[in-house]
Amino acid sequence: MAHRRCIQSLVRHATALISLKKSPPISFYEILTPKPNTVIATTNLEPSWFTPWSHIRHFSSRKSDDSNDEEDVEESSDEETENDEVAADLGRYNSPEEKEAEAAAIGYKVVGPLQRSDRVFKDYEPVFAVVQIGSHQFKVSNGDSIFTERLKFCEVNDKLILNKVLFLGSSTQTIIGRPILPDAGVHAVVEEHALDAKVIIFKKKRRKNYRRTKGHRQELTKLRITDIQGIEKLEIITDGKPLKAAVKKTEKVVTTA
């Protein structure tokens, strides 16, 4: 082994001396002349054996880094698709027929803007209804205000008719739909479009160095119920006197002997 190592070292020295003898002598002028930048020069060279290793690679023995990178890529792709869908919905033009059909599927119909001459707000009536808007159900009476998810194709001060009425009730009558009542309707007015309180969404995977924090504020629409139609309504006496129950008077029968 020792002899082999000596022979290898001698061969290396000999090859180095031979290469020095073959190289031409460097003149003083060549030393003073500026040399081109090696970084720039290598870019113009033809691809050689070292070009595949020109880019930087990061190696890691942990699998969590790769998994986190993949999850980040998946989440970014999901967010991009959601943003593209929202942009497509905003940029898409809907015809009046499509708007009416989509609103009817949700459970309402836009009548028109509220005028100053309209007297839609009435006194309280002892009638209630159960209406469905989207996937939510609400028990409402005349004068109530409710918050629903953001309704499309309607602005503030627009009059709506909620046509998915499931139940109607009063002190003297009860009507149950199967599943809805076709002749009933609940009139409402859009008061405002608002945002709900902020909700923090936090995701974590332990031992994976994975944490994501995101906030969300749900868009809402405030509706004021103005009238309920499709059921008999009792008249309320507003003369300041309390209502009294009717008392039947017993008739006296006079018998003659």
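The mean pLDDT of the protein chain is 77, and 62% of its residues reach 70 or more. Over residues 39-45 the pLDDT stays under 50, and for this stretch the model has zero contacts beyond four places in sequence. The pLDDT is likewise below 50 over residues 243-250, a stretch that has one contact in the model beyond near neighbours in sequence. Where pLDDT is low, the predicted coordinates should not be read in detail.

An open sheet is formed by four strands, which follow one another in the order S3-S2-S6-S7 with antiparallel pairing. Strand S3 (136-141) and strand S7 (174-176) stand at the edges and have a single partner strand each, so that one side of each is left without a neighbour in the sheet. On average, and with direction ignored, neighbouring strands of this sheet are turned by 15 degrees against each other. Within the sheet, strand S2 (residues 127-133) pairs with strand S6 (residues 165-170) in the antiparallel sense over five bridges, and Val130 stands opposite Phe167 in S6.

The largest nonpolar core has 24 residues, and those with the most contacts inside it are Val140, Val165, Leu168, Val186 and Leu223. At least two residues of this core are supplied by each of S2, S3, strand S5 (158-162), S6, strand S8 (185-195) and strand S11 (219-229), while S2 gives the most, with four residues. When neighbours within four places in sequence are left aside, the residues in contact with Leu223 include Ile133, Ile146, Leu151, Leu160, Ala188, Val189 and Val190, and also Asp144, Ser145 and Thr148.

Asp227 has its place in strand S11, and Asp227 counts as buried because its relative accessibility is 6%, which is under 20%. Apart from neighbours within four places in sequence, Asp227 is in contact with Lys122, Glu125, Asn142, Gly185, Val186, His187 and Lys233. With one of these residues, Lys122, the side chain of Asp227 is joined by a polar contact of 3.3 Å. The C-alpha atoms of Asp227 and Asp144 are separated by 10.0 Å, although these residues are 83 residues apart along the chain.

Glu125, one of the contacts of Asp227, lies in the loop between strand S1 (109-113) and S2. At 18% relative accessibility, Glu125 also counts as buried, since the limit is 20%. Beyond its neighbours within four places in sequence, Glu125 is in contact with Asn142, Asp227 and Lys233.

How values were computed
Residues are numbered from 1 along each chain as its sequence is written. This is a predicted model: local features need pLDDT of at least 70, side-chain atom pairs count only at pLDDT 80 or more; totals for chains, interfaces and linings use all residues. Side-chain values use heavy atoms; hydrogens and water are left out. Two strands pair if DSSP finds at least two bridges between them. Axes are lines fitted to C-alpha atoms, for helices over the stretch in contact, and angles run from 0 to 180 degrees between N-to-C directions. Buried means under 20% relative accessible area, exposed over 50%, partly exposed in between (1.4 Å probe, protein chains only). Contact means heavy atoms within 4.5 Å. A nonpolar core is a set of buried Ala, Val, Leu, Ile, Met, Phe, Trp, Tyr and Cys residues joined through side-chain atoms within 4.5 Å. pLDDT is the predictor's confidence in each residue, from 0 to 100. A polar contact is a pair of N or O atoms within 3.5 Å; within protein, one must be able to donate a hydrogen and the other to accept it, and residues adjacent in sequence count only if both atoms are side-chain atoms.
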